[in-house]
Protein chains: 4
Amino acid sequence: MIIQLSPDITSDQKRQLFDQVTSLKYKTNEVVTQFGTYLVGIGKKKFDVRSIGHLPGILDIHIVSDDFKLVSSKWKTEQTVIDLGDGVKIGGGHFAMMAGPCSIEGEENIYKTIEHLKANGLQIMRGGVFKPRSSPYSFRGMGIDGLKMWYKAAKEHGIKIVTEVMQVSQIEEMHDYVDVFQVGARNTQNFNLLDELGRIDKAVMIKRGISGTIDELMYSAEYVFSGGNERILLCERGIRTYERASRNTFDINAIPILKEKTHLPVIADPSHGIGLRDHVSAVALASAVAGADGIIFEIHEKPDQALSDGQQTLDFAQSSRLIHKVNKLKEVLG
Amino acid sequence: MIIQLSPDITSDQKRQLFDQVTSLKYKTNEVVTQFGTYLVGIGKKKFDVRSIGHLPGILDIHIVSDDFKLVSSKWKTEQTVIDLGDGVKIGGGHFAMMAGPCSIEGEENIYKTIEHLKANGLQIMRGGVFKPRSSPYSFRGMGIDGLKMWYKAAKEHGIKIVTEVMQVSQIEEMHDYVDVFQVGARNTQNFNLLDELGRIDKAVMIKRGISGTIDELMYSAEYVFSGGNERILLCERGIRTYERASRNTFDINAIPILKEKTHLPVIADPSHGIGLRDHVSAVALASAVAGADGIIFEIHEKPDQALSDGQQTLDFAQSSRLIHKVNKLKEVLG
Amino acid sequence: MIIQLSPDITSDQKRQLFDQVTSLKYKTNEVVTQFGTYLVGIGKKKFDVRSIGHLPGILDIHIVSDDFKLVSSKWKTEQTVIDLGDGVKIGGGHFAMMAGPCSIEGEENIYKTIEHLKANGLQIMRGGVFKPRSSPYSFRGMGIDGLKMWYKAAKEHGIKIVTEVMQVSQIEEMHDYVDVFQVGARNTQNFNLLDELGRIDKAVMIKRGISGTIDELMYSAEYVFSGGNERILLCERGIRTYERASRNTFDINAIPILKEKTHLPVIADPSHGIGLRDHVSAVALASAVAGADGIIFEIHEKPDQALSDGQQTLDFAQSSRLIHKVNKLKEVLG
Amino acid sequence: MIIQLSPDITSDQKRQLFDQVTSLKYKTNEVVTQFGTYLVGIGKKKFDVRSIGHLPGILDIHIVSDDFKLVSSKWKTEQTVIDLGDGVKIGGGHFAMMAGPCSIEGEENIYKTIEHLKANGLQIMRGGVFKPRSSPYSFRGMGIDGLKMWYKAAKEHGIKIVTEVMQVSQIEEMHDYVDVFQVGARNTQNFNLLDELGRIDKAVMIKRGISGTIDELMYSAEYVFSGGNERILLCERGIRTYERASRNTFDINAIPILKEKTHLPVIADPSHGIGLRDHVSAVALASAVAGADGIIFEIHEKPDQALSDGQQTLDFAQSSRLIHKVNKLKEVLG
């Protein structure tokens, strides 16, 4: 069950409420977020909701049969909108296109990308400064200095930043330069990282695990929410299967299923989802009509010279055509 | 290599040509289809195409580096159009919507479905009369009598029939009542069945195997083509993965990849691809914008009373909305 | 439920029994095998077993909660022994080692293999004469003539033959020359083939599907059993996963799980299970100690010259060492 | 390439060597471990090894074609032995059995387990004090206090401790109480954690990712080794597949393949590998004969009352029988 507490609940009332829930053999968890305070009760026993509902200090009470609670659409029926400021919103009818290089490569790379985004009406730029790499000998990104350089340019042009955070110790140093913290596919179940991201007031985009289930993705979001942060985006980026013709198998099914299960915005990453430059647009368009709240894709002025992931990166002409088509489709579908 | 022979090649010229190819250490296969005669040479050695090209009796010669040959778009660059007669075409710009019940259930079921198809401008009806079932104790379909009943009604209303053939011995009895023979996901690598379907002049739609690769699907089509039948459709219907939130994982990536690799039409089956009625339309729309040449989906007047697969079957209202949306999208994308 | 009928049940008694079962809303299936006659009742309703048990003409009655019935160990608790004649038995304590080339290649190949088997105390030889191949242009085996040649040599030396049957029409021509019909991984759900193999009195070994579940394998066996043939072997041969370091992922778990679920013998095929010659023995030993009733593996005098699957084929020295080790382990484990 | 440096190499000699490698267009990485100093050169260009080999200050030089270097058996041919002190060794002929509860539950639980281990001749105990859980509302383990309590008891009885570390910040507080740090399946690609574990002098056991490849596991080990720690164990614990009859699919193939590819000890975790109590022993025995250097499994005095993973936990009688059988098999196989 989820009970939303009134802001002016007294401590006596709160104690009484928690005791009452505990007496039903429910484990109580108090969740304080930037937007509200909730009592999440975990248990299986049936009970009469009125035995709690009459208590003072309660705004709202719901029985949620799902194992995840706060991220479930069984609790919150209206869709969550993530507001990044300056009129940039994601979800609840605001379709977001985010693009940028796999790795931030330097000033020119940043400026060319921003120029392209602005020319096409995009407001959010993606890019990696801390790169998870299978091999310890590979390029691991420009680090915090790259991020600061990027931030300076982005701020100047009113562009928002999405970038991956790999570990708890990076959160603080990155915090002021980031609009959306991305949790990568290898960290979807890095529970300590999720816990910490629950303690900040920046949006968090969680990518589905390399072979994560849809439910596991929802649980990971529940970590962030129950830690205190309601500003969460979920991202489908393809799963690992036996098929070798594409880098991953983009799970288009996940989009309508997540849209049914959760009130959080659902983003599609077609670049990792298929891994083949010529086919990224097909998967992006498919995601848009299947109900995604946004797409995130890799672009580069000269993909073949990109420091990483060039084979799945669109050049600017391809990117412009994709953006144009998505805009046209969204218009038709209303 | 693929060499298209001239219809008036003499037997001496043919022998000379085959000898020349054999002398290059290429294995020769003569393929005679309803539309042409080909020499398919299998080998790895490099050679000068001119050493063959000058011989008499040749229309055309191509080196095809893929392991599949006749179905490859490296050989045939224009897209194949499957003409079912009466103006019903699939592929090459002709987008086909096919719908019908999982199993043909009887006269009323047939007539209601046909009425719905016609009201929505559809010309092709799907339905099973021979049903592959995991358990020997399950309903196995109405059989040949059901097919004949269906054919009578379909012919009357100008509707074409797609239905599954499960074994070689059924081909002959089904032949006159079928427009498109469907090869089911469990039979994608039933090579004897494919061989036999290569010997007839009806269209064949091959479903991707339960966990078949894209390449294996192409190879299965090569069986039919090299057997003598060029009228082939490929169908993506979802693959088996670890994810349990949907029946299968619809591989949206397969659509643009197949469209690049082969000249054959590519059909999407969103019903089996996701297996959840409320989300079939999302996957169908996604497939249409990703480049499919058609969609095939399950409908029923009362899905909850359907003899099989009810949970993934659209009712008529859902079907009409889907058809309307697809038409709108196809218009926009041109 | 499964009711074993008495051989001298009268037709009146039988009718009474079937009516009684039908009245419980159970679908009745009469199964007549080479060893007995059974009534398999399919339904979900609870009922009192005594309401049937008192009827005349019944030997035995069991409620089987599994979806598969006749192959379930919930019905038949003692393990099935497959007797191939001449003292060659598989299952129920009789551990069988079967070896031979991937494809039968000719007389010398046959004789060398038989010689090796006899020198190592083996009595069953595997080999393919009809080969399922992804590409229509690949070698498809020596066919029926190869089988006859092989049979002549095998009979002479008291060796039993296991070989794959690919289609219904081959059963009759192969019948007299085969001891165990193998159903390949691509045909595990070729239900017509399974139906027909249910009508003969030769042992049938069913390989698990390329990505078949354990339950699907049991269901496929149920097809053969309910068709009338109780002489069935199940074979784990690896499944398709994302891992590329081996040809397939040998599912060692399947062995103890199958041994718990069914009374049928369980065979392991380490050659296809790992696909790497140097590691076939490790998987074979693992299977033996995990509870398999036998192993089937590929051998060749000169694996590098084998017509197919050379990379997973043991040479004779490796084979001898493996057989010796398995014998030692079986001795220790008792 | 891997160049092992002499302990008395001068800084001039070192500079000369690094310059020489750089001049071949190889990226140089200096790796200093507890046992030696290495120059790992990453590049693709062919070169004459003698152009480097003659330089002073070199003990040893190898070309390693694998992408992982220091963990490859192409570099180090003798097997690595992990010495935990007090005569407790793993690898290179020392077969290790490690057992204990999924979660450490308290004093009684600890003492009963230790008693059982000692009675059966085992020297290493596993147990979780920091538990990764999908849901934020689940029990997350006893934490550092539980570890200290455990350590006190273990030290008293000469028992070594294997336990999972989930994040960088835990390493320091856990360090003095742990013999082997376990990296869990969800953290196999938590590169920051691996980096940090490379800086300590305690053994590290890395579990294969939930759907990690064999190569990725090797790369993760390369992170630890290149960070400075040579004391690494690899652990196969089953992978995620479509099969639902078992918790995971234990990849028995991985054992001989890893033993071929790396010099590091390979441990099997049959408890997570199959997830079914009655079949854990079958998989454990299979692993032992397939070449594993040890097994790790879950035991509990009363599995049905265990705080987590009870369904895959052996009771003490099952554990004793398993240990006895493994000892017998290891004796036979020599």
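Residues are numbered from 1 along each chain as its sequence is written, chains are lettered from A in the order in which they are written, and side-chain values use heavy atoms, without hydrogens and water. Because the model is predicted, local features need pLDDT of at least 70 and side-chain atom pairs count only at pLDDT 80 or more, while totals for chains, interfaces and linings use all residues.

**View 1. Chains A and B about their axis.** Look for A286(B): in chain B, its C-alpha is the nearest to the axis, 2.0 Å away. These copies meet through the same surface, since 100% of the interface residues of chain B are also interface residues in chain A (contact means heavy atoms within 4.5 Å).

**View 2. Chains B and D about their axis.** In chain D, the residue that comes closest to the rotation axis is Y242(D), with its C-alpha at 2.0 Å. Of the interface residues of chain D, 100% are also interface residues in chain B, so the copies meet through the same surface.

**View 3. F139(B) in its loop.** You can find F139(B) between β8 (124–126) and α4 (143–156) of chain B (helices, H or I, of at least four residues and strands, E, of at least two are DSSP runs, numbered from the N terminus). F139(B) counts as partly exposed because its relative accessibility is 33% (buried means under 20% relative accessible area, exposed over 50%, and partly exposed in between, with a 1.4 Å probe and protein chains only).

Note on methods. Least-squares fit on C-alpha atoms with pLDDT ≥ 70 in both.
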